[in-house]
Every structure is written in C-alpha cells, then in structure tokens.
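Please examine the sequence and the structure shown below. The paragraphs that follow lead through the chain as a whole and then through selected regions.

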Amino acid sequence: MAAALVLRGSASWLRRQRRVCVGSVAMVSSRAMASKTAVGFIGLGNMGNPMAKNLVKHGYPVIAYDVFPEACKEFQDLGSQVTDSPADVADKADRIITMLPSNANAIEVYVGSNGILKKVKKGSLLIDSSTIDPAVSKDLAKEAEKMGAVFMDAPVSGGVGAARAGNLTFMVGGVEQEFDAAKELLTCMGSNVVYCGEVGTGQAAKICNNMLLAISMIGTAEAMNLGIRLGLDPKLLAKILNMSSGRCWSSDTYNPVPGVMDGVPSANNYQGGFGTTLMAKDLGLAQVSATNTKTPVLLGSLAHQVYRVMCAKGYSQKDFSSVFQFLREEETL
C-alpha cells in the first residue's frame, strides 16, 4: 500500500510561526524545524515499509496505519504507535506521509469517511508520495487548504532497493515556502529531493519518468532476447551494452534477464520490486495526461498496451522487468 505524513511541532513552536497570505488564503511561510516530533505514515507496502523504517532510524516516532493490519505489526514491534484509520493518524500527528497505490486509494485516505481531512489539524503538512493523476493531487490540495492544512505531492523514483537504502529521489510539488519543511523529512528517506513547482508538478515529473522507464525496459528486454537467440551469452551481451551507446538503467542496474545480475527481481523469479500492475497504472496516467495535453506519445502508448496485456496474461504480480519473460513466451508477437 502507500503512506502519508503531516508536519507540526509543539504548541510553543506553533506560536512562533508566522503566516502570510497566498491569494486570499493564509499559508505557513516559515516553519521552524520540529525536533523529532511524531510523523504519521499511511501505506506500509513494498515501498512504504522501508520508507517508514528510515524515518524510525532517524529518530522520528512513527504513527502508522495500513488497510492491512498485518503490515503494521512490524512497526508495532519497533515501538511505533498503530492506529485504526487515517483520521486517527491525523488526530495524533500534524506531519503525515502517504504512500498509496492508486487514485482511488489516495482519495479514500484523504477525503473518505475515515480520511485524514476528517480530523486534520490546521497548519498540518500532508505529503503524498503516491503516484497518481496530477489532477487528483490538485483536488486533494484544494480540500486540504479548506481545512487549513498544506498538501504537497512528492512521488518517488528508485524502487524498493533505493527505499531500503534511503536513496530515493523525491519530485516535490506544492507551495515553495513549505519545501524546506517537507525536505526535512524526505531527506531521511531519499538522497535527492527536487522542488518541481506547484502542486501536481511532482506527479507530472514522475509519470514522465516512468513512461521512459517502461519504454527502456521493453527495449532492453527485446535487445537481450534477440541477442540470446542469435547465440550471444546474456552476460557478455549485457557487458557490451553497458559499455556502449545502448546503456541505460534497465540494462546496467535492473537487468531483466535471469542470471545476468544479482539482487534484482529477475534473479528472484521477478518477485519484489515494482509490480507490472503498478507500471500499467502509471502508463495509464501518462496516457490520460497525453490526451489532455494533446501530446503524441507513440512509444508510451505501445508500452501501455504491452503492460496491460501482461496483466491479463498472469504477470500482474510480477516485477515489471518480467517483460523479458513475457517476450520469451509470446512467440506469436
């Protein structure tokens, strides 16, 4: 699942904050760094779990929630407080990070009957690290603003390995005056935290990145499959690609061919990592955005179709690099 996080300090800290008007709305202009006050985290799935653990490692008390109670047990064992709903997280923390799988999940967590905004405190900072439609992020920001809270979108790149290592890249959209307050927390989980602009621009950067990633992974899988069928040893071919102009992240860091690299999903029957269903979802978001902006994305559209077919053919729970296996098995393509 995914996760959410709200920012706030002690009563005396809050009194020190000054507010400025952005349009007709009072916004937090200067946030003193709250020293290790509680952080809410909603969504403890493959990505959210290691992200929340890194907050704990940096000394932040985590108040956790996940729709699957078993996902919270590990944090309960670590001494974290576990709640019964997103609203309860907002009642206990004024900095919240959410890490959720879809538009529908994000909408439910924020504005549902037991959502964050039912009990959110004024001045809270809400950081959504889910990958969702930029338009949904903008709508959630407006709803948070009505409650006196600040919403920022901060989707991530890097995968599960980077989440464990604390090396994620965060693409952040929202009120620029709040960026430093968000960065305080995000740097506990990532090595790159980039401000992109207004709310929704973080999501825009993320879906562009993932569209390119999908295209490059399919291209790597096709090239490796062709080379193997032409008699090349896959390790040798990968070595050549990675010292040549075809080199890319999909070939040198996340190679899709079993036996070429250790520590990647292709070495573990494509388990773990970034699921095919999630890649298909992100490519769908890119398609919607391309349609809305009348942008031609020919290869992006083809990649979307490939991953949708993979989901229908039993690959939905496998890592998206399983496109190599899919190509090997689909002789009729």
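What share of the contacts in the chain with a separation of 6 or more is accounted for by residues 24 or more positions apart? The share is 67%, where contact means heavy atoms within 4.5 Å. The model is predicted: local features need pLDDT of at least 70, side-chain atom pairs count only at pLDDT 80 or more, and totals for chains, interfaces and linings use all residues. Residues are numbered from 1 along each chain as its sequence is written, and side-chain values use heavy atoms, with hydrogens and water left out.

The chain has 14 helices and twelve strands; these are DSSP runs numbered from the N terminus, helices being H or I of at least four residues and strands E of at least two. Of its 333 residues, 52% count as buried. Buried here means under 20% relative accessible area, exposed means over 50%, and partly exposed lies in between (1.4 Å probe, protein chains only). The chain exposes about 14800 Å², of which carbon and sulfur atoms supply 54%; accessible areas come from the Shrake-Rupley method with a 1.4 Å probe, and for residues only the protein chains shown count as cover.

Helix H13 (residues 298-315) shows how burial is arranged around a helix axis. Its buried residues are Gly300, Ala303, His304, Tyr307, Met310 and Tyr315. Seen down the axis of H13, these residues fall within an arc of 125°, so they line one face of the helix; the arc is that of the directions from the helix axis to the C-beta atoms. On the face turned away from this buried side, H13 carries the exposed residues Leu298, Leu302 and Ala312. The cover over the buried residues of H13 includes H9, H12 and helix H14 (323-329).

Helix H12 (residues 276-292) contains Thr276. This residue counts as buried because its relative accessibility is 0%. Not counting residues up to four places away in sequence, Thr276 touches Tyr307, Met310, Cys311, Tyr315, Ser316, Lys318, Asp319, Phe320 and Ser322. Among these partners, Tyr307, Met310 and Tyr315 belong to the buried residues of H13.

Two further positions bring together parts separated in sequence. Ile132 is placed in the loop between strand S8 (125-128) and helix H6 (134-146), and it is buried, with a relative accessible area of 0%. Its C-alpha is 8.0 Å from that of Pro101, although the two are 31 residues apart in sequence. Leaving aside neighbours within four places in sequence, Ile132 is in contact with Ser102, Asn103, Ala106, Ser137, Leu140, Gln203 and Leu285. Val194, in strand S12 (residues 190-197), is partly exposed at 40% relative accessibility. Val194 and Thr169 are 25 residues apart in sequence, with 7.6 Å between their C-alpha atoms. With neighbours within four places again left aside, the contacts of Val194 are Phe170, Met171, Val172 and Phe179.

Side chains of opposite charge can pair when their charged atoms come close. With a salt bridge taken as a side-chain nitrogen of Lys or Arg within 4 Å of a carboxyl oxygen of Asp or Glu, the count comes to seven. One of them joins Lys53 and Glu74 at 2.4 Å, N to O. Lys53 lies in helix H2 (residues 48-57) and Glu74 in helix H3 (residues 70-77), so this pair ties together parts that are 21 residues apart in sequence. Lys53 is partly exposed at 24%, and Glu74 is partly exposed at 36% relative accessibility.

Other salt bridges lie within a single helix. Lys73 and Asp77 meet at 3.2 Å, N to O; both lie in helix H3, four residues apart, about one turn of the helix. Lys73 is partly exposed, with a relative accessible area of 48%, whereas Asp77 is exposed at 58%. Lys146 forms a salt bridge with Glu143, the closest N and O atoms being 3.1 Å apart. Both of these residues lie in helix H6, three residues apart. Lys146 counts as exposed at 62% relative accessibility, and Glu143 as partly exposed at 32%.

The surface also has a nonpolar patch of about 230 Å², made by Leu232, Leu236 and Ile240. Patches are made of residues with over 30% relative accessible area and no salt bridge, like charges being joined within 9 Å and nonpolar side chains (Val, Leu, Ile, Met, Phe, Trp, Tyr) within 5 Å. Leu232 lies in the loop between helix H9 (201-229) and helix H10 (234-241) and is partly exposed, at 36% relative accessibility.
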